[in-house]
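Me: I have a model open and want to go through it with you. Can we start with the terms?

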Amino acid sequence: MRQLRTYLFFISFLIAGYIQGQEEQEEQKITARDTLPPAEKYGFRAGVDLGRLIRTTVDDNYSGFEIVGDYRIYKRLYIAGEIGNESLVRDEENVSIEGSGSYIRAGVDYNVYDNWYGMQNSIYVGLRYGFSTFDQTLNEYTIFTGTNYFGVNRITDTIETDGLNASWIELVFGIEVELINNLYLGGNVSIRSLVSEKKSERFDNLYIPGFGRTNDFSSIGVGYGYTLSYLIPFAKRKR
C-alpha cells in the first residue's frame with residue numbers, strides 16, 4: 001500500500017504542476033491580437049481509471065478496472081459516468097471476506113474553473129447515483145466465545161452469497177488537465193452515502209464494488225480516482 005500511495009501522490013503532484021505551468025505559458029503567449037475568444041470543443045470524452053490499474057498491480061488482494069466518460073452539453077455542464085468491475089479480499093483480525101461484482105455511476109459535473117485563453121481544463125464538482133450488483137464469499141471467521149481457554153475457534157468453511165446489490169449517492173470534486181490536443185489527465189475524490197443495500201442473511205456486506213469498504217458505525221464512504229481520457233470532438237462553439 002505504501003507503493004500505491006507514492007504512485008498516487010506523484011500523479012496528483014503532476015496534475016497540479018502541469019496546470020500551473022500551462023497558465024504561465026498562456027500568459028506569456030497572449031498578445032494584443034488575441035481579442036476574439038477561441039472556439040471551445042464539445043464532444044464525448046472516454047478513458048480509464050489509472051488508480052485502479054496501479055492498485056491491481058501492487059495490491060495482491062485487489063483487482064479492478066473502470067471506464068470513465070463524459071459529454072459536454074453546455075458551457076460548464078457535463079453528463080458524466082463510470083462503469084467498472086472490482087474484487088477485494090478484506091482480511092480482518094476475526095474475519096476474511098471477498099466481495100466482487102460490477103457497478104455503474106451516472107450523474108453530472110459542473111466546471112467552476114475559468115480557463116485562460118485557448119485552454120480547456122476543468123475543476124469541477126459533480127453528483128452521482130451509483131448502483132452495484134455483487135457476490136460475497138466468507139472465507140473464514142472466528143467465533144467469539146468470551147474466553148480463549150479452549151483456544152481460538154476459527155471456522156474455515158466458506159459461505160458464498162450471490163445476488164446482492166446496493167445503491168448510493170456521491171459528491172465528487174475533480175480536475176481535468178489537457179496534456180496534449182484532446183488527451184486529458186484527471187484526478188478526483190468523492191464522498192459517498194449508502195441509500196440501500198441487500199445483505200446476506202448470515203453476515204453484513206463488508207465491501208461493495210464501486211462504493212468501497214463499509215462499517216457498522218456509518219453509511220459514509222470515500223473514494224478517489226486518477227484518469228487518462230481522450231476527447232472525441234463533435235462540434236466547436238464560441239464562448
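Reply: Contact means heavy atoms within 4.5 Å. With that, among contacts in the protein between residues at least 6 apart in sequence, 68% join residues at least 24 apart.

Me: What sort of model is this, and how are residues numbered?
Reply: This is a predicted model, in which local features need pLDDT of at least 70, side-chain atom pairs count only at pLDDT 80 or more, and totals for chains, interfaces and linings use all residues. Residues are numbered from 1 along each chain as its sequence is written, and side-chain values use heavy atoms, with hydrogens and water left out.

Me: What is the mean pLDDT?
Reply: The mean is 82, and 76% of the residues reach 70 or more. pLDDT is the predictor's confidence in each residue, from 0 to 100.

Me: Where does pLDDT stay under 50?
Reply: Over residues 30–34, for which the model has four contacts beyond four places in sequence. Where pLDDT is low, the predicted coordinates should not be read in detail.

Me: Ok, fold. How many helices and strands?
Reply: Two helices and eleven strands, taken as DSSP runs (helices H or I, at least four residues; strands E, at least two) numbered from the N terminus. The order from the N terminus is α-β-α-β-β-β-β-β-β-β-β-β-β.

Me: What share of the residues is buried?
Reply: 43% of the 239 residues, where buried means under 20% relative accessible area (1.4 Å probe, protein chains only).

Me: Which residues lie nearest its centre?
Reply: Glu82, Tyr124, Arg128, Glu176 and Asn188, out of 26 residues lining the largest cavity. That lining has six nonpolar, eight polar and twelve charged residues, with Asp, Glu, Lys and Arg counted as charged.

Me: Which strands supply at least two residues of that lining?
Reply: Among them are β1 (39–49), β5 (122–143), β7 (159–180) and β11 (220–238).

Note on methods: Buried means under 20% relative accessible area, exposed over 50%, partly exposed in between (1.4 Å probe, protein chains only). On a 1 Å grid over the protein atoms alone, a cavity is a set of points where a 1.4 Å probe fits but cannot get out, and a pocket is an open set with protein on both sides within 12 Å along at least five of seven lines; lining residues have an atom within 4 Å of a point.
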